[in-house]
Amino acid sequence: MHRSAFLLLTCIFSVHLGAQVQLDRPLVLNSATDTDRQVTGLEASGAPAAVLTTAVARSGSYRVGAPGSGEIWSITVEALTSAPVAGTHLVIITPAASTGAAQLSVNGHGPYPILSGPNTPIMGADIEPGTLL
């Protein structure tokens with residue numbers, strides 16, 4: 001009886017408080033129909049702890065940055081909680097042209113050189129403002 005009451009209260013509170021569940025193994029949805037094999041009602045967010053919904057993944061908004069002008073392009077990417085690691089995919093909307101070698105600062109980490117090839121820095125003046133990199 002006590003366990004049933006606890007489970008009932010847990011279900012009631014989780015619905016009203018928007019509780020989350022952390023799983024330590026894959027979630028497998030089994031059903032004969034596609035509509036029963038889906039998770040719905042997720043909020044669209046690029047926050048590090050949020051589930052990446054299809055809409056957010058398709059938009060790519062969680063990895064886009066538009067820096068201000070200057071030689072060090074500084075962006076904030078909400079989805080990153082630390083310095084970017086090798087292989088991190090970012091989309092940069094280039095700012096107004098600068099004269100020197102362009103560098104990138106991500107969430108205060110860096111600056112990292114922006115290269116067009118091995119040891120070949122990209123010069124800000126060589127890139128049209130608004131270009132996607």
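## Strand pairing

β2 pairs with strand β4 (residues 103–106) in the parallel sense, over 4 bridges. Two strands count as paired if DSSP finds at least two bridges between them. S74 has S105 as its bridge partner in β4.

## Model and numbering

This is a predicted model: local features need pLDDT of at least 70, side-chain atom pairs count only at pLDDT 80 or more, and totals for chains, interfaces and linings use all residues. Residues are numbered from 1 along each chain as its sequence is written, and side-chain values use heavy atoms, with hydrogens and water left out.

## The sheet

An open sheet is formed by 3 strands, ordered β2-β4-β5, with mixed pairing. The edges belong to β2 (72–75) and β5 (109–113); each has a single partner strand, so one side of each lacks a neighbour in the sheet. From one strand to the next, the twist averages 20°. Axes here are lines fitted to C-alpha atoms, for helices over the stretch in contact; angles run from 0 to 180 degrees between N-to-C directions.

## Chain overview

The protein chain has 2 helices and 7 strands. Its elements run α-α-β-β-β-β-β-β-β from the N terminus on. Helices (H or I, at least four residues) and strands (E, at least two) are DSSP runs, numbered from the N terminus.

Of the 133 residues in the protein chain, 20% are buried. Buried means under 20% relative accessible area, exposed over 50%, and partly exposed in between (1.4 Å probe, protein chains only). Among contacts (heavy atoms within 4.5 Å) between residues at least 6 apart in sequence, 56% join residues at least 24 apart.

## Surface

The protein chain exposes about 9,800 Å², with 58% of it supplied by carbon and sulfur atoms. Areas come from the Shrake-Rupley method with a 1.4 Å probe; for residues, only the protein chains shown count as cover.

A nonpolar surface patch consists of L23, L27, L29, V39, L42 and V51, with about 540 Å² of accessible area together. Patch residues have over 30% relative accessible area and no salt bridge; like charges are joined within 9 Å, nonpolar side chains (Val, Leu, Ile, Met, Phe, Trp, Tyr) within 5 Å. A salt bridge puts a side-chain nitrogen of Lys or Arg within 4 Å of a carboxyl oxygen of Asp or Glu. L42 lies in the loop between α1 (2–17) and α2 (54–59). L42 counts as partly exposed, at 43% relative accessibility.

## A buried loop residue

T94 sits in the loop between β3 (91–92) and β4. T94 counts as buried, at 4% relative accessibility. Leaving out residues up to four places away in sequence, T94 touches W73, I127, E128, P129, G130, T131 and L133.
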